[in-house]
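Dear colleague,

Please find below the structure that I am handing over to you, followed by a summary of what was found in it.

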Amino acid sequence: MTLLSSVLFAKRLVFPRIEKQSSARRSLLGALLCIGISLIPLVVVMSISNGMIEGITSRIIGLSSSHLQVNTYNSDKYKWTEKDLISLAEKLKAIDGITCSYPELNGTGLASSAKGRTGASIRAVPLELFTQNKSFASLFTVVEGNVALQEPSANSPEATAVSNAVPVAFIGQKIASELDLKAGSKFRLITTRSVNGKIVPRLTTFTVGAIVSCGYQELDALWVFIPLEKGFSILAPEGSSASVKLEVENPFSQDLERIYYAVQRKAGKNTRVYRWDELNVSEYENFSSTKVLLMFIMFLIVLVASVNIFSALIMLSMERRREIAILKCFGATKAGISFSFLITGFLTGLGGLLLGLPAGLMFSVNINKVVLFIEKILNFVAEFVYLFKGNNLPGYSEIHLLDPAYYLQNIPVAIPFFELAVISAGTLLLTLAASLIPAIKAGKEKPLETFRKI
Amino acid sequence: MMNNLIEIRGLEKTYVTSGEQLTILKNLDLSLPGGVKVVITGESGCGKSTFLNILSGIDSVTAGSVKAGPYIVSDLDEDSLASYRSSFLGLIFQFHYLLKDFTALENVYMPAIMAGASKKQAEEKARELLNEVGLANRFNHLPSQLSGGERQRVAVARSLINDPQLVLADEPTGNLDPANAAMIGELLFSIVDRYKKTLILVTHDVRLSALGDLHFTVKNGTLVETGKNL
């Protein structure tokens, strides 16, 4: 039996000219829909998890660890000063492949306003970074105020704030909301210093120059950016870490390794160089394993859906026993008949894939609108129930499916093309595997037994 | 002996049902040269169809050997049987057994495509055969759109598509009215004659018996020659 004859027979199994509403045909259609529907959550979950991981990774790499980090440490003979750090940053900038280099002093403190206090991760950096550094400029959104310190417009309130003697700080959106701060408001940072073996607190007042957000509440809840020179004056050397952060064109390229060694050679004594993947190894491994686990769990749904193909093809082979017997009387082989049923199963899986993949992608791309729509419907119903119970509407608190105070402001979506290709290939392989036993069974039909029964 | 197309020696067929043995065919020997038209008659249940089923490889033998052309049918595995049916045999049944989702043309050319012909070649040959059985205007009709006689004519055309040496017909007119039965019978004999095929026909139709070269009847499980028109 030739391939062409198997294809012709499979064509009539999938697209019969008569008895289009047979039970087996309905089962095949059901299997196709099941696969399609099971693929939708898989694609959505993969796109969202990919978006989250990409978002978090790009922010951690771009805004926190940077691509390469040169950590400095003090020794008895050598103490790092602000001038040394700036000069090291300048020196490293000259290395081929480095696109940006800036010094940073990190420490912790307590941010305090009239409303309350909260812990803060103090990052002392040249504040020009917010306009001059590609990552800072693109990944931070200025919620309020102005980050352009160099040339503020003459009469703006931000300009007034910046020009005051009180140093300027840029703070994360969540910390600002916790402390009820606006652009131009004043707040205090409480840091500590050791004087003659005693811990002494130090209070420094700052003006909020801008409220910024990187989109991730966890990071926005901690960061307070202050000028580098101010950092050196308020953060104790023993409780802070000074480093030079370096950016390259592509942190995922092999070139990073070369630049890493060049930096190591040039950084000199009392320094240690780290790549971004060394600094964030735990997060990165956690993201990867979460992604694989999610994909596996969601793929189980597709596996269950594929079982429908098995039962649909068993039904189809029973329904088409007569045709199988006739074909065998005219020279059809076991393998040829089995192949026709495999093609049928494959086409059912492919149909499900062609249905589920675009639907899943459409759902993913519009997930924020969908969540908003569901929220609106839920709130409409909940408000109605609330009023029906005799309550007044002003007392009603809205339902939020995605609480921005918890983690995200928006659901990030990044289409994982490689994973989608793996999912597609996996789905087709699964459908082939599910079709195998019914196909073999169909190939084993005996014409004589069939003719006696029909 | 060497030139015989069919050589059957000591054929026996026994069915075991509910512990009981029922021997349908026994000690059956037959030698047939190529190109003859054989008619087999006999009472219902005497084993005529079983004999054809064994010869076509649809049923197996209990004992003995069946040789058709180069094939020792009784020894063939399933894949070799497929090749035997595809290249050596043409089958016509009492019921037409056409594929319900395939048009008349497709029904005729499917065995040719299964045998390895290109679609173009197969279609060309199928058109030619359908023309010959008088169905030139029915190429694209489904079996459900054809009359009983027309369906059986499609079945006759299909049996010849792979240019088989042997055509086996099991009561091909059994389901037809007398007029159609006579027409199909004559058509079958004339077309087999024209293409110089060997025909073994099982029938109850007395008029068809007269058209054969050799007449046999199945008696006590074996074939008994009852007449010759050679």
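Strands here are DSSP runs of class E with at least two residues, numbered from the N terminus, and two of them count as paired if DSSP finds at least two bridges between them. Please note that this is a predicted model.

With those terms in place, chain B may be taken first. Its strand S4 (residues 63-68) pairs with strand S5 (residues 71-72) in the antiparallel sense, over two bridges.

In chain A, the domain assignment gives two parts: domain 1 covers 3-55 + 285-453, and domain 2 covers 74-269. The centres of these two domains, taken over C-alpha atoms, are 50 Å apart.

The two chains also touch each other. Chain B brings 23 residues to the contact, and chain A brings 19 residues. On the chain B side, helix H2 (78-87) and helix H3 (104-114) each supply at least two residues. H2(B) gives the most to that side, with five residues. By class, the side of chain B that touches chain A has 12 nonpolar, seven charged and four polar residues.

With kind regards

Methods:
Residues are numbered from 1 along each chain as its sequence is written. Chains are lettered from A and ligands numbered from 1 in the order in which they are written. This is a predicted model: local features need pLDDT of at least 70, side-chain atom pairs count only at pLDDT 80 or more; totals for chains, interfaces and linings use all residues. Domain bounds come from an automatic or database domain assignment. Helices (H or I, at least four residues) and strands (E, at least two) are DSSP runs, numbered from the N terminus. Two residues are in contact if their C-beta atoms, placed from the backbone, lie within 7 Å. Ala, Val, Leu, Ile, Met, Phe, Trp, Tyr, Cys and Pro count as nonpolar, Asp, Glu, Lys and Arg as charged, and the others, Gly among them, as polar.
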